[in-house]
Amino acid sequence: MKQRGVLKMGSKLRIGIIGTGGIAHNHMRSYLQMEDVEIIGASDIIPGKARAFLDEFGLTTVPDFTDNDKLLALKPDGVSVCTYNTQHDVCAIAALKAGVNVLCEKPMSVTLDQAVAMSRAQVETGKILTIGFQPRYGANMRMIRDIIQSGALGHVYYIQTGGGRRRGIPGRTFVHKKYAGVGCLADIGCYGLDMALNSVGYRKPVTVSAYASDYFGKNPKYYRGEFDVDDFTCALVRFEDGLVLDFRMSWAMHMDTMGDTLFLGTEAGLKVKSPNPDVNWGGAWDGGVGDIYLYKDEVGKQVEIKIPKVEEDNKKNFFFLKCRDFCDAIISNGPSPIPWQQIIYNQAIIDGIIRSSAAKHEVDVVIPEI
Ligand SMILES: NC(=O)c1ccc[n+]([C@@H]2O[C@H](COP(=O)([O-])OP(=O)(O)OC[C@H]3O[C@@H](n4cnc5c(N)ncnc54)[C@H](O)[C@@H]3O)[C@@H](O)[C@H]2O)c1
């Protein structure tokens, strides 16, 4: 029988889902749109949760588990790891070591040590490990990356990014350290970092000086319930090649946005406006793209050019595209679409922000050999 990569003609890719909470629904909806994919099982540590999840999609005969090892014993071609952040490393490493390809939700992990262990497991097993940063799949994000990587800005020496939500504390497992590890930084901050750093090409961070606070999450006027993570963070990050990143992110603040995303280059500057700062959560650069402007000198004059946007930004499509890219990488034995070799830098910055804001001074970022 003919083979299409790892797939025999006519056979389907066998996918499992680990962690069946909120975001697992988006993974499931994406996979169910694919004719060459079959869901072979789902697991969740909460008894009955995976069963209810599968039943919700009419998959009443597909097995459910509370033990991930039992799902992995079915030898799926790939799994989506959709647990909360503090379990990403445990679940992704177990899957890789069982010979299973992994699409892990963002952020990669909580600490750099966890991300290093995940990366080493990928290297040892040779399986695919891709991290789910779906904003990259937007046509406008691709256009921003292409403009910058064309060299149109010259040497990019400074980036400001992140912005922030005026009100947008998500609640649920996101606000508990034991589940999420960190707050707005891990929830939406990792997007701002990826959107900016993927645009310029990931660089190695060397120092971080950061601040984090929780004034809104801890104030019953703005949030009711237990809350033990950050709701605001800002940081100055230096990179090995001299690039400087000024990063801000919030879930809640008395401001519409902490600013647009700015790329300063020696030949031109690029401004990406906050997507929609007049709505409470729209001032953050965490997925959507606002208006885009290029600043440069032409024939001795300073000009500002509005770059027409591609009218396609639909987050749900990005989600499908990230799951599809994972499946295509499995089929073609291909490289990881969003590999740890990039995201380890994103995670090293998050880890540096956690350490620096706790220590109240600048910290070095040291990424071990993988
Ligand atoms: N890409 C996106 O747009 C997007 C959006 C929201 C959330 N996320 C990410 O998805 C992840 C999950 O978020 P959520 O909102 O679905 O959280 P959630 O709390 O609703 O769901 C997580 C589920 O994982 C289960 N779980 C935890 N540890 C497990 C383990 N070891 N084995 C099996 N199951 C386990 C929990 O019981 C829970 O049901 C987070 O990392 C979050 O950052 C991504």
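Biologist: How far apart do domain 1 and domain 2 lie?

Modeller: Their C-alpha centres lie 27 Å apart. The domain assignment puts 13–135 + 317–338 in domain 1 and 139–311 in domain 2; such bounds come from an automatic or database assignment. Mind you, this is a predicted model: local features need pLDDT of at least 70, side-chain atom pairs count only at pLDDT 80 or more, and totals for chains, interfaces and linings use all residues. Residues are numbered from 1 along each chain as its sequence is written.

Biologist: What makes β5 and β8 stand at the edges?

Modeller: Strands (E, at least two residues) are DSSP runs, numbered from the N terminus, and two strands pair if DSSP finds at least two bridges between them. The open sheet has six strands in the order β5-β4-β3-β6-β7-β8, with parallel pairing. β5 (64–65) and β8 (129–132) each have a single partner strand, so one side of each is left without a neighbour in the sheet.

Biologist: How do you know that β7 and β8 pair?

Modeller: Count the bridges! Strand β7 (residues 101–105) and β8 share four, in the parallel sense, and the cut-off is at least two. In one of them, Val102 has Leu129 of β8 as its bridge partner.
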